[in-house]
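I am opening a notebook on this structure. The entries below list what I looked up, in the order I looked.

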Amino acid sequence: MSTWAVLVAAGRGERLGLDRPKAFAPLRGRPLLAESLERLERSEWIDSIVVVAPEGWEEPSILLAEELGCGKVVAAVPWGATRGESVALGAAEVPGDAAVVLVHDAARPLLPDEVVERVLAPLTEGWDGAVAALLLPDTVKRVRDDQVVETLPRDELVRVQTPQAFVASVFRSALGGDVAGAGDCSSLVEALGGRVRVVEGDARLLKVTTAEDLALVESLL
């Protein structure tokens with residue numbers, strides 16, 4: 001009964017003003033990817049790791065893992081045209097006897113181990129998947145042509161993060177369809193009628209998109 005992590009190191013780094021992929025943006029003097037790698041390596045809940053690397057950066061990703069002593073990393077595969085396709089390529093490296101697949105974005109480097117535990121726990125209780133999420137602090141409105149058409153009930157809405165974890169057999173079935181337009185992994189499982197539980201996320205799981213995000217993440221290290 002093994003748990004495999006698919007670590008998606010997507011993002012070209014253009015909004016960061018870099019000449020390299022986002023996963024290799026400097027964070028405290030080392031690549032952003034290093035933070036997620038080390039945290040997954042230290043987690044007692046994770047057995048093996050597959051890195052979905054920017055095309056042409058597969059070998060540097062493996063070398064980084066070796067330099068950090070991340071022995072759980074078994075492969076680095078090139079990303080696809082979309083995030084959904086990238087996840088599918090990573091999941092294809094997961095063996096058929098794996099019990100669970102956990103998907104995480106390297107762009108959210110500050111991964112607390114307790115969140116990993118929280119997304120895995122529901123899978124032992126009959127759920128097909130679990131996602132980390134935070135409640136929305138603001139009122140949300142649906143807008144069309146600059147006009148408010150609906151005010152949505154805030155207590156029914158959450159802001160979803162990664163990691164997301166799934167029963168491996170269910171996740172493989174979900175990846176068998178059209179994954180290109182998937183907003184996140186759980187939407188694919190939901191489309192098959194799978195039961196996905198929401199668990200508490202963490203405010204530290206910030207997604208790095210801009211230089212300001214990177215600076216904020218660095219300040220939290």
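Which side chain does R30 meet in a salt bridge? I found E38, at 2.7 Å from N to O. I count a salt bridge when a side-chain nitrogen of Lys or Arg lies within 4 Å of a carboxyl oxygen of Asp or Glu.

Before going on, I note that this is a predicted model, in which local features need pLDDT of at least 70, side-chain atom pairs count only at pLDDT 80 or more, and totals for chains, interfaces and linings use all residues. Residues are numbered from 1 along each chain as its sequence is written, and side-chain values use heavy atoms, with hydrogens and water left out.

Entry on salt bridges. I searched the whole structure and got 9 of them. I looked up the exposure of R30 and read 26% relative accessibility, so R30 counts as partly exposed. My cut-offs are under 20% relative accessible area for buried, over 50% for exposed and in between for partly exposed (1.4 Å probe, protein chains only).

I then looked up E125, which forms a salt bridge with R197, the closest N and O atoms being 3.3 Å apart. E125 lies in the loop between α4 (113-120) and β7 (129-135) and R197 in strand β11 (residues 196-200), so this pair ties together parts 72 residues apart in sequence. R197 is partly exposed at 35%. I also noted that salt bridges with shared partners join R30, E35, E38 and R39 into one network.

Another pair I checked is R20 and D19, whose side chains meet at 3.4 Å, N to O. R20 is partly exposed at 36%, whereas D19 is exposed at 70%.

Entry on helix α2. Which residues of α2 (residues 58-68) are buried? I list S61, L64 and A65. They cover an arc of only 100° around the axis, which puts them on the same side of α2; the arc is taken from the directions from the helix axis to the C-beta atoms. On the other side, E59, E66 and E67 are exposed.

The buried residues of α2 pack against β3 (30-31), α1 (32-42), β4 (48-53) and β5 (73-78), with contact meaning heavy atoms within 4.5 Å. Just after α2, G69 takes a positive phi of about 75°.

Entry on the strands. β4 and β5 pair in the parallel sense over 5 bridges; pairing requires that DSSP finds at least two bridges between two strands. I found A53 opposite P78 in β5.

Definitions and conventions: Helices (H or I, at least four residues) and strands (E, at least two) are DSSP runs, numbered from the N terminus.
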